[in-house]
Each structure stands twice: as C-alpha cells, then as structure tokens.
Amino acid sequence: MKILFVTNGFTESVFPLAGSLSVKHDTTVLFLANRKFFKKEYDLDITERNSGFIKRDFLGLQRFLENHSRIIAASKIDIFLMSSRMFSRRYFVNDIIFYIRVFRYIRKLKPDLINLVGHADYYYRLLNCFPKYSKLVYTLHEVSISRIIEGVNDNKYLRYLYKSDNPILFHSAYLRNHFITISGKAPSYSLVFPLGLFNHYLYLESVPVTEVESITNRFILLNYGYLRPYKGYNSFLEVAKKFLPFNDVIFLIAGEGDLPINLFPLPSNDKL
C-alpha cells in the first residue's frame, strides 16, 4: 500500500508512525513547513526564494534528513516551504500556486491512503487536492484541543471534520471526548492513538539530567516539549494541584519555547 502523510508539523508523531509503517508499506511524508519556523528550528540558510518544494540537493535538507534518519527509517520525505505571503487576500495568487503544486504532486504520487495530520484552516481547501480513489484518514494532534474548546467558529477545516464520515485518529481520549462534545456526535470510526505509542526520542542523544537524577523515592511526571501556551499546560498544572497533598509526586515542565513563567498562577510549592 502507498501511504501519504500530509502535515504542517507534528514531526514527533508523524515521522515515527511513517517510519514504522515503512517496513511493510511505501510511505511518504509531505511536510508543509512554515518557512520562518523551519529556518529557526533547523538553523537552515533559507530565503523567501526557497519557498516551494525543497530540492534534494539542498544542503539544509540533507542535514535535516540525516538528523532524523533513524526515526524516518525508509520513508521518503518531501518538504514544501510555505511562503510568508500566503493565506491573505492581498497575496491570494501565492495560495493558488501552492494548491496547484500540491495537487500535481499528489496526482503524480497516486497514494492509496492519505493521512492528514493537524488542524490548519487551509486544510479545508487542501482537501480538493486529494484524488477520490485515495482513502482519507484524519489525525488531530493534542494541541488541537485548544481550538476545539474555543468552538473553532473561525476554522472551516475543523467544522468540516464535525460532519465528516471519514476515520479520525485522536492522540488521547480527552481530545476525542471534547471533539464529540463540541460536534454533538461521535465520528463514524475513531481510534485513540497515544502519542507515545512509538518511541519517538530514540534518535536523540542521551543527555543526563542531574537535577532529575538526584530526586529519589518520588514519582516524577514530566511534560517535555516545545513550550507554547496552546500546548495545554493549564490542564497539566490543574492536575498537578490536585496532587499537592501527596509528598511522593513531582510534576516537571521542561523544554524550549516562549511559555511565560507567570502564565498560570501556581501555589508556592517545591513539587511544581
């Protein structure tokens, strides 16, 4: 079977799954990358002229593939760098060019199954690029829950999913329950697919964390990742507060990003 993953991020979940399925299937990942984020995240020499599909001989792409080789396995990955001049009425021509190029790419690939990962609003129009003979499966990442709780009145793609009969993968039962609450019905077929089902940090070097290692005889609950307000840290901290009476539980938030230290009011306690 030829499987195509289409995503605008979420590499920590998409790459491991694609790599695992590549053992028995022909898997390809189409990474619709935000140009500025991709340049910052991977320290690549990218200019506005690089928007579009990155050529295979581009040195930055080779370094990216090498860094993720163990997790991508035999999967093929193509990266489309999204221009900063997209999805606005002023530069609608760039949008048209983007959809046409993706349309041609998918028609040439001829996938049997397409897994669309994420909740970007422009996914709604991207659906028109998919051939009718390809089966569609949607995946909602855990960060999608912030959009679902808000009611997503401005997100056409999520409103479309509420009415869709295609299978949906959720990364947690918590996310699935909120989806059902907002949409008013359960998807015709859904599966809770835990984010950690595939060990997606195997390719990283083992870096000892002495601060954690010095803690003994306690349970440590670690929330590790890219620190952004929409990641759901408020839910994590609400749960942590309920464990304050227990002396053997410690909650840790670690990572890199721009999560304000005073975003959520915390009790003065060394366990948080």
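**Close-up views of surface patches and nonpolar cores**

**View 1. Phe92, Val93, Ile96, Ile97 and Ile100 make a nonpolar surface patch of about 440 Å².** The model is predicted: local features need pLDDT of at least 70 and side-chain atom pairs pLDDT 80 or more, while totals for chains, interfaces and linings use all residues. Residues are numbered from 1 along each chain as its sequence is written, and side-chain values use heavy atoms, without hydrogens and water. Ile97 belongs to helix 5 (residues 92-109), a helix being a DSSP run (H or I) of at least four residues. Ile97 counts as partly exposed because its relative accessibility is 43%, between the limits for buried (under 20%) and exposed (over 50%).

**View 2. The largest nonpolar core holds 33 residues.** Such a core is a set of buried Ala, Val, Leu, Ile, Met, Phe, Trp, Tyr and Cys residues joined through side-chain atoms within 4.5 Å. Val6, Leu32, Phe98, Leu116, Leu126 and Phe130 touch the most other members. Helix 5 supplies the largest share of this core, six residues. Another core, of 20 residues, lies apart from it and includes Phe5, Val29, Ala33 and Leu113.

**View 3. Arg125, Lys156, Arg159 and Lys163 form a surface patch of positive charge.** Lys and Arg count as positive, and like charges, placed at NZ of Lys and CZ of Arg, are joined within 9 Å. Helix 8 (residues 156-163) gives the most to this patch, with three residues. Lys163, found in helix 8, is exposed because its relative accessible area is 70%.

Terms used:
Patches are made of residues with over 30% relative accessible area and no salt bridge: like charges are joined within 9 Å, nonpolar side chains (Val, Leu, Ile, Met, Phe, Trp, Tyr) within 5 Å. Accessible areas come from the Shrake-Rupley method with a 1.4 Å probe; for residues, only the protein chains shown count as cover. A salt bridge is a side-chain nitrogen of Lys or Arg within 4 Å of a carboxyl oxygen of Asp or Glu. Helices (H or I, at least four residues) and strands (E, at least two) are DSSP runs, numbered from the N terminus. Buried means under 20% relative accessible area, exposed over 50%, partly exposed in between (1.4 Å probe, protein chains only).
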